[in-house]
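The following note sets out points on the structure shown below. It is arranged for reading alongside the sequence and the model.

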Amino acid sequence: PLAPVGDGRVIDFLDSIAHDKAGTRCWAFRRYGFDHWFAAALRDTASVDLALATDQVVAAQPATLTATLYGYSSAGAVNPDHATRIAVNGTQVGDFYYDGQATCTASCSVAGVLLAANNTVSFQQLLQPGVPNDYAYLEEFTLAYTRALAPVNSSLCFNGQAGSNNYEVGNFPAGAAFRVADVTAPADPVLLTGAVITNGAGGYGLRFGGYSAAGARYAVAENA
């Protein structure tokens with residue numbers, strides 16, 4: 001049960017989140033009564049480079065990088081005594097300031113045009129006046145970006161938006177046959193019919209419509 005919705009919005013991209021593999025290293029806080037996992041140790045002015053993959057980025061849309069850091073050293077009267085500079089593929093995108101032995105979570109904007117399939121995200125401590133040494137830990141970071149509705153290995157699952165919408169999934173091989181299903185309830189998928197084949201700027205694909213008060217989850221796949 002499905003047909004394109006004539007007066008619905010046409011959506012061909014949605015939000016996506018890429019995240020680092022946090023917790024790959026362990027810093028034992030046993031003397032403080034608990035253990036802690038972190039992604040990278042940051043020391044003075046040394047730069048730490050971490051890889052992060054993104055795919056089908058819509059370059060015209062901005063992204064948001066969010067990082068959680070923990071200050072290890074403390075410089076007493078200097079406030080803030082920590083500063084972390086973040087760069088994406090060599091371009092500075094933000095400086096995060098925080099103080100003492102505490103957790104800091106902060107975000108900065110990243111231009112979509114800076115992103116590639118494989119990205120290098122760099123973290124570097126900036127010594128503040130009166131701070132001889134700056135030690136901190138990167139707990140984790142995420143990059144929220146806009147992703148085109150395009151398949152991975154001939155299939156795509158995504159969360160739709162609330163209301164009445166058309167979804168256009170492109171970049172399939174020409175002549176491909178498709179199946180579309182509502183998989184909001186994974187144990188009870190519903191096969192949908194009535195999708196329209198498209199051949200536009202986004203490549204060969206299909207458009208289908210649907211209505212959901214809260215937003216359904218859809219699966220699109222090329223027939224084997």
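**Points on the predicted model**

1. The largest nonpolar core comprises 28 residues, and those with the most contacts inside it are Leu65, Ala67, Ile86, Val110, Phe123, Leu138 and Phe141. Here a nonpolar core is a set of buried Ala, Val, Leu, Ile, Met, Phe, Trp, Tyr and Cys residues joined through side-chain atoms within 4.5 Å. Buried means under 20% relative accessible area, exposed over 50%, and partly exposed in between, with a 1.4 Å probe and protein chains only. At least two residues of this core come from each of β5 (40-43), β6 (47-53), β7 (63-71), β8 (82-88), β9 (91-98), β10 (103-110), β11 (118-125) and β12 (135-148). The greatest contribution to this core is that of β12, with five residues. Strands (E, at least two residues) and helices (H or I, at least four) are DSSP runs, numbered from the N terminus.

2. This is a predicted model, in which local features need pLDDT of at least 70 and side-chain atom pairs count only at pLDDT 80 or more, while totals for chains, interfaces and linings use all residues. Residues are numbered from 1 along each chain as its sequence is written, and side-chain values use heavy atoms, with hydrogens and water left out.

3. Which residues does Ala67 touch, leaving aside its neighbours within four places in sequence? Ala67 is in contact (heavy atoms within 4.5 Å) with Ile86, Phe96, Cys104, Thr105, Ala106, Phe123, Leu138, Glu140 and Phe141.

4. Four strands form an open sheet in the order β6-β11-β8-β9, with antiparallel pairing; two strands pair if DSSP finds at least two bridges between them. β6 and β9 are the edge strands, each pairing on one side only. On average, neighbouring strands of this sheet are turned by 20° against each other, direction ignored. The axes are lines fitted to C-alpha atoms, for helices over the stretch in contact, and angles run from 0 to 180 degrees between N-to-C directions. Within the sheet, β8 and β11 pair in the antiparallel sense over five bridges, and Val88 stands opposite Val121 in β11.

5. Three salt bridges are present in the structure, a salt bridge being a side-chain nitrogen of Lys or Arg within 4 Å of a carboxyl oxygen of Asp or Glu. Arg147 forms one with Asp55, and their closest N and O atoms are 2.8 Å apart. This pair links distant parts of the chain, with Arg147 in strand β12 and Asp55 in the loop between β6 and β7, 92 residues apart. Arg147 counts as buried because its relative accessibility is 9%, whereas Asp55, at 31%, counts as partly exposed.

6. Asp95 and Arg85 also meet through their side chains in a salt bridge (2.8 Å, N to O). Asp95 is in strand β9 and Arg85 in strand β8, so this pair ties together parts that are ten residues apart in sequence. Asp95 counts as partly exposed at 24% relative accessibility, as does Arg85 at 29%.

7. Arg207 forms a salt bridge with Glu168, with 2.6 Å between the closest N and O atoms. Because Arg207 lies in strand β18 and Glu168 in strand β14 (residues 163-172), the pair ties together parts 39 residues apart in sequence. Arg207 is partly exposed, with a relative accessible area of 28%; Glu168 is buried, at 18%.

8. Phe208 likewise lies in strand β18 (residues 203-212). Is Phe208 buried or exposed? Phe208 counts as buried because its relative accessibility is 0%. Phe208 and Asn165 are 43 residues apart in sequence and 8.5 Å apart in space, C-alpha to C-alpha.
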